[in-house]
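Here are some notes for a colleague who is opening this structure for the first time.

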Amino acid sequence: MNDAKARIVERAKAIGFDLVGVTHAGSFVSARRTFDSRVAAGLLGQWKYPPGEVQRVCDPARSLSGARSIICTATCYLTDDEPHDPTAPGLRGAVSRHAWGLDYHRVIGARLRELAAFIVAEFPGERCLPCVDTGPLVDRGAAVRAGIGWFGKNANVLTAPFGSWVLLGELITTLGLQPDEPLKKHCGECVECVARCPTGAIGEDGAVDARRCISDLTQRKTPIPRELRKAIGNRIWGCDDCQSVCPVNERKAIAARSRPRDEFRPLPQVGTSVELPSVLRMTKSEFRSRFGQTSMAWRGKAVLQRNAAVALGNSKDPAAVGPLIEALGDRKPLVRGHAAWALGELGGAGAREALDRLLDRESDAWVREEAELALGNSSAT
């Protein structure tokens, strides 16, 4: 099967995958223990795993009967576009590198399906199951076991050529292939990512508390905890801080740009940052037009608008008050409540008057609480 493996790897790279590795389709015993312990500790936050789900994602044969191998891929998404400073004041919100281009689920998914079609045509009777991010597989565990990279302390997979600026994708297959050896690498004493995390979400043992991770906070559908909102800065989606300071990522920047990656370039309607007031005001059709092609669309319009409200509250810009007052009339409590908080952060007579008017008409208990706390904060500023 070595010849089969070589042909598959060659085809995968021709399709657009940068790194390809193979591992067996046996259970991920260590990953399951880690999963179970972090679920029990509540570290996974919004990501819920019903009984039996952890066992399923750690056992590929439960998703594809007769599974023998996992073909793991990594695709670099780093471009030469400069990201927006997530701590800069003003009315623009930073977008994480992985989210400003085309939705990687679609890009990587299409490539995996093309590779699966090749395998099925070349090896009749074999079956494949593509997995991208939300698929039924512990993708990082598979990538590490296949020699793609090693676990960084921020829980990202670090690769030798591209650092952690990679998107993972896998094919579980019934085809038997010679597995690759895992890399004997680790982060050593380096704790740059641990020290840089704005919310202290990263433990030195490599456990990330999703309840505090900004990338997760900007994706959750429930209110962002008040004590963590200032740490969001102007970010409207994601956070790259733990990647930006990683020495492996810095050393590999030139190599990572070795070939065009137009699909991961910022879309014209998105850019590396977005104008926050326009996000607060956008209609459903505008949301679909601006963000529908990106991975930011999956949580819906209200989540992005909530994030925009928080970012405007951190903006230190009086010009943010007007759009936030308008947002107090949004039909979603999630948006109204965070807009109220943001007005409390900015302060001023206009903000206080708007919050008073909100309390006269607001029926949602949580929004009222946000408005009352914001009024107290506004009076103190």
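1. Two strands count as paired if DSSP finds at least two bridges between them. Helices (H or I, at least four residues) and strands (E, at least two) are DSSP runs, numbered from the N terminus. This is a predicted model, in which local features need pLDDT of at least 70 and side-chain atom pairs count only at pLDDT 80 or more, while totals for chains, interfaces and linings use all residues. Residues are numbered from 1 along each chain as its sequence is written, and side-chain values use heavy atoms, with hydrogens and water left out.

2. An open sheet is formed by 4 strands in the order E1-E2-E7-E4, with antiparallel pairing. At its edges are strand E1 (19-24) and strand E4 (128-131), each of which pairs on one side only. From one strand to the next, the twist averages 20°.

3. Within this sheet, E1 and strand E2 (residues 69-76) run antiparallel and are joined by 6 bridges. Val 20 has Thr 73 in E2 as its bridge partner.

4. What lies across E2, E4 and strand E7 (166-173)? Helix H4 does, running at about 35° to E7. Axes here are lines fitted to C-alpha atoms, for helices over the stretch in contact (heavy atoms within 4.5 Å). Angles run from 0 to 180 degrees between N-to-C directions.

5. The largest nonpolar core has 54 residues, and Ile 8, Ile 71, Leu 115 and Ile 119 have the most contacts inside it. Helix H4 (residues 104-122) gives the most to this core, namely 8 residues. A nonpolar core is a set of buried Ala, Val, Leu, Ile, Met, Phe, Trp, Tyr and Cys residues joined through side-chain atoms within 4.5 Å. Buried means under 20% relative accessible area, exposed over 50%, and partly exposed in between (1.4 Å probe, protein chains only).

6. Which residues does Ile 119 touch, not counting residues up to four places away in sequence? They are Ile 8, Ile 71, Cys 128, Leu 171, Thr 173 and Leu 175.

7. Helix H14 (residues 301-313) packs against helix H16 (residues 333-346) at an angle of about 5°, with the axes 8 Å apart. That makes H14 roughly parallel to H16; angles under 35 degrees count as roughly parallel, over 145 as roughly antiparallel, 65 to 115 as roughly perpendicular and the rest as oblique. Among the residues making the contact are Ala 302, Arg 306 and Leu 312 of H14 and Leu 334, His 338 and Trp 341 of H16. The residues of this contact divide into 11 nonpolar, 3 polar and 2 charged. Ala, Val, Leu, Ile, Met, Phe, Trp, Tyr, Cys and Pro count as nonpolar, Asp, Glu, Lys and Arg as charged, and the others, Gly among them, as polar.

8. Strand E3 (residues 92-95) pairs with strand E9 (residues 273-275) in the antiparallel sense over 3 bridges, and Arg 92 stands opposite Glu 275 in E9. E3 also pairs with strand E8 (residues 235-237), in the parallel sense and over 2 bridges. The bridge partner of Ala 94 in E8 is Arg 235.

9. Ala 155 is not a glycine, yet has a positive phi of about 75°. Ala 155 sits in the loop between strand E5 (150-151) and strand E6 (157-158). Is Ala 155 buried or exposed? Ala 155 counts as buried, at 13% relative accessibility.

10. Lys 316, also not a glycine, has a positive phi of about 60°. Lys 316 is in the loop between H14 and helix H15 (321-327), and counts as exposed at 71% relative accessibility.
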